Amino acid sequence: MDPLRIGLYAMPAYFVLLAIEFLSYRFDKDSARPRAGISWRDSATNLSIYVLGFILRPLDKFITVPLVAIAAAVTPLHLSASHWWVWVLAIVLADLAYYLQHRMSHRIRMFWAAHNVHHSSQYFNLSTAMRLSWLIPGSFLNTIGYVGMALIGIPAWLVFLSQAIVLLYQFPIHTERIDRLPRVVEYVFNTPSHHRVHHGANNPYLDKNYAGILILWDRMFGTFAAEGEPVRYGLTKNIDTYNPIKVNYHEFVAMMGDIRRARTWRGRLGYLFGPPGWHEKDSIATNVESRAQEVSVHPAMG
């Protein structure tokens, strides 16, 4: 069950909701709350990235799908999808896998090189949900959680279906048109308010609210932030381009440039596996400072 195919089948609903959202901005008379709104050029870029991704992203599946299929074939555990609780378990575990994958995509630069595409828009609307990266080498590695689901006996097709359900949930929460929902909903589920926080580039919101369906994961693992001050969407350093090729590869190119210019193997590995914003010179300065402190505490005898 390919999430990209399910996305294709959902396209008519996507475009209906996009049209409704666009019209709601067109006829909105309430300007009390500041919003990023809609940009036709930005939305066109989002849609072009999605279309190109539909063509190119299946190439990643040549690696991801076999990994899950092999895990399902070799495991001695086999759960039957005829039991309702297996479906619930599959969706909850897929949601947890999404949380972990999403968190890695923000904290490991190799994965951020792909995921930053989704965050690079300075607008936040339903078309932003379709701004998804494609063909970034190594990005398939962050699907390891789905392999784990197969190893505990969940059928491979149910693994992919559960993944698709979690991904489809993401579409309607990319909007400014819905304010906070009832408190119990906001406490348990990921909502537009929580996801606006996740797309924020201003400091209170950075690296928060990684949830797929259940915001409970963020509450449990200490990555939750409530929406308060106005959200500034985009990257900490925006790229200001509508070219879908540049949008998709700008961070990957920058990462490879940093690796090429690195002076040590520690630096090269840091630029690949360290968090976004990591710098070799900062690491060197930290090491020098640490050694200086050691010398001051334990002066040489002689």
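**Salt bridges in a predicted model**

Hi everyone, let's start with the charges: this structure holds six salt bridges. By that I mean a side-chain nitrogen of Lys or Arg within 4 Å of a carboxyl oxygen of Asp or Glu.

Two housekeeping points before the details. This is a predicted model, where local features need pLDDT of at least 70 and side-chain atom pairs count only at pLDDT 80 or more, while totals for chains, interfaces and linings use all residues. Residues are numbered from 1 along each chain as its sequence is written, and side-chain values use heavy atoms, leaving out hydrogens and water.

Let's look at one pair: Arg131 and Asp42 meet through their side chains in a salt bridge, 3.3 Å from N to O. Asp42 sits in helix 3 (residues 40–56) and Arg131 in the loop between helix 6 (109–119) and helix 7 (144–151), so this pair ties together parts that are 89 residues apart in sequence. When I say helix, I mean a DSSP run of H or I with at least four residues, numbered from the N terminus. Both Arg131 and Asp42 are buried; buried means under 20% relative accessible area, exposed means over 50%, and partly exposed is in between, using a 1.4 Å probe and protein chains only.

Now for another pair: the side chains of Arg196 and Glu227 form a salt bridge at 2.9 Å, N to O. Arg196 belongs to helix 10 (residues 192–198) and Glu227 to the loop between helix 11 (216–221) and helix 12 (244–261), so here the linked parts are 31 residues apart in sequence. Are these two buried or exposed? Arg196 is buried, with a relative accessible area of 1%, and Glu227 counts as buried too, at 10%.

Next, helix 12. Asp258 forms a salt bridge with Arg261, with their closest N and O atoms 3.0 Å apart. Both residues lie in helix 12, three residues apart, which is about one turn of the helix. Asp258 counts as buried at 18% relative accessibility, whereas Arg261 is exposed at 53%.

Finally, a word from the records. An unreviewed UniProt entry annotates residues 6–27, 47–72, 84–101 and 146–171 as "transmembrane region"; positions follow the numbering used here, feature names are shortened, and such annotations may be inferred rather than shown by experiment. In the model, residues 84–101 are 100% helix and 0% strand, with end C-alpha atoms 26 Å apart. For residues 146–171, the span is 81% helix and 0% strand, and the end C-alpha atoms lie 21 Å apart.

Technical notes
Helix = DSSP H or I, 4+ residues; strand = E, 2+ residues; numbered from the N terminus.
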